[in-house]
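Subject: Handing over the structure

Hello,

I am passing this structure on to you, with my notes below it. Please have a look at it before you read on.

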Amino acid sequence: MTADGEKKIATETTDEALCSAFTQNGSQEAYTLLMERYRDEIFRLVLFKCRSRVLAEEATQEAFVRLLLKAEKFRSAKAGAFRGWFYRLALNCAKQAVRGEKRRQTREDVVRQEHATAAVEVAALGGLDPSSQAAVSSAVDALDEKLRLP
């Protein structure tokens, strides 16, 4: 068969049949075809939900990982059913990404506020004596770079 013939067969295969081939036979080709078909659609869908390119990329990747893990749970042979099922899965990934980002932002805001409050308290006390400043500096230097505030 020619490459064109193979491509024609691949484009005529339904999403439901590809999902079935992937789950029942472990066909990597079927999974790859599903990825190629849905990559851009899913990205646009989750980008609309996330409103952030970075979050949308993460959610899209997560959606395809979950497809790998949960494809066997898809049971319908009805035409078009796979699309709706996969969209729902991707939207759930997008929601989780947005919630995770909000939690991260909240934690960062709390830390910034605590840092600002501590700085004001130290300034109100007239600063630290030289030995305390040295102790604080060495403690900060011992911290992992990710744990330090700017």
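Where is the place of L128? L128 sits in the loop between α5 (81–124) and α6 (130–142). I come back to this residue further down.

Some ground rules before the findings. Residues are numbered from 1 along each chain as its sequence is written. This is a predicted model, in which local features need pLDDT of at least 70 and side-chain atom pairs count only at pLDDT 80 or more, while totals for chains, interfaces and linings use all residues, and side-chain values use heavy atoms, with hydrogens and water left out.

**The overall picture**

The chain has 6 helices and 0 strands. Helices (H or I, at least four residues) and strands (E, at least two) are DSSP runs, numbered from the N terminus. Of the 150 residues in the chain, 24% are buried; buried means under 20% relative accessible area, exposed over 50%, and partly exposed in between (1.4 Å probe, protein chains only). The chain exposes about 10,600 Å², and carbon and sulfur atoms supply 56% of that area. Accessible areas come from the Shrake-Rupley method with a 1.4 Å probe, and for residues only the protein chains shown count as cover. Among contacts (heavy atoms within 4.5 Å) with a separation of 6 or more, 57% are between residues 24 or more positions apart.

In soluble globular proteins, nonpolar side chains tend to be buried together. Here the largest nonpolar core has 28 residues, and I42, F82 and F86 have the most contacts inside it. The elements that give two or more residues to this core are α2 (15–25), α3, α4 (53–70) and α5. Its largest share, 9 residues, comes from α3. A nonpolar core is a set of buried Ala, Val, Leu, Ile, Met, Phe, Trp, Tyr and Cys residues joined through side-chain atoms within 4.5 Å.

To see the surroundings of F86, look for Y38, I42, A63, F64 and L67, which F86 touches when residues up to four places away in sequence are not counted. L34 is in helix α3 and counts as buried because its relative accessibility is 2%. Leaving aside neighbours within four places in sequence, L34 is in contact with D15, L18, C19, F64 and F82.

D15 belongs to helix α2 and is buried, with a relative accessible area of 13%. The D15 side chain makes a polar contact of 2.5 Å with the side chain of R37. A polar contact is a pair of N or O atoms within 3.5 Å; within protein, one must be able to donate a hydrogen and the other to accept it, and residues adjacent in sequence count only if both atoms are side-chain atoms. Apart from neighbours within four places in sequence, D15 is in contact with L34, R37, Y38, F82 and R83.

E41 lies in helix α3 (residues 28–50). A polar contact of 2.4 Å joins the side chains of E41 and R83.

**Salt bridges**

Side chains of opposite charge can pair when their charged atoms come close. The structure holds 7 salt bridges, each being a side-chain nitrogen of Lys or Arg within 4 Å of a carboxyl oxygen of Asp or Glu. In one of them, R66 pairs with E62, with the closest N and O atoms 3.0 Å apart. R66 and E62 are 4 residues apart in helix α4, so about one helical turn separates them. R66 is buried at 16%, whereas E62 is partly exposed at 33%.

R104 and E108 meet at 2.3 Å, N to O. In D109 and R112, the closest N and O atoms are 3.2 Å apart; both residues lie in helix α5, 3 residues apart. Salt bridges that share partners join E101, R104, E108, D109 and R112 into one network.

**On the surface**

Back to L128, which counts as partly exposed because its relative accessibility is 37%. L128, V136, V140, L143 and L147 form a nonpolar surface patch with about 410 Å² of accessible area together. Patches are made of residues with over 30% relative accessible area and no salt bridge; like charges are joined within 9 Å, and nonpolar side chains (Val, Leu, Ile, Met, Phe, Trp, Tyr) within 5 Å.

Lastly, R51 lies in the loop between α3 and α4. R51 has a phi near 60°, a positive value in a residue other than glycine.

Happy exploring!
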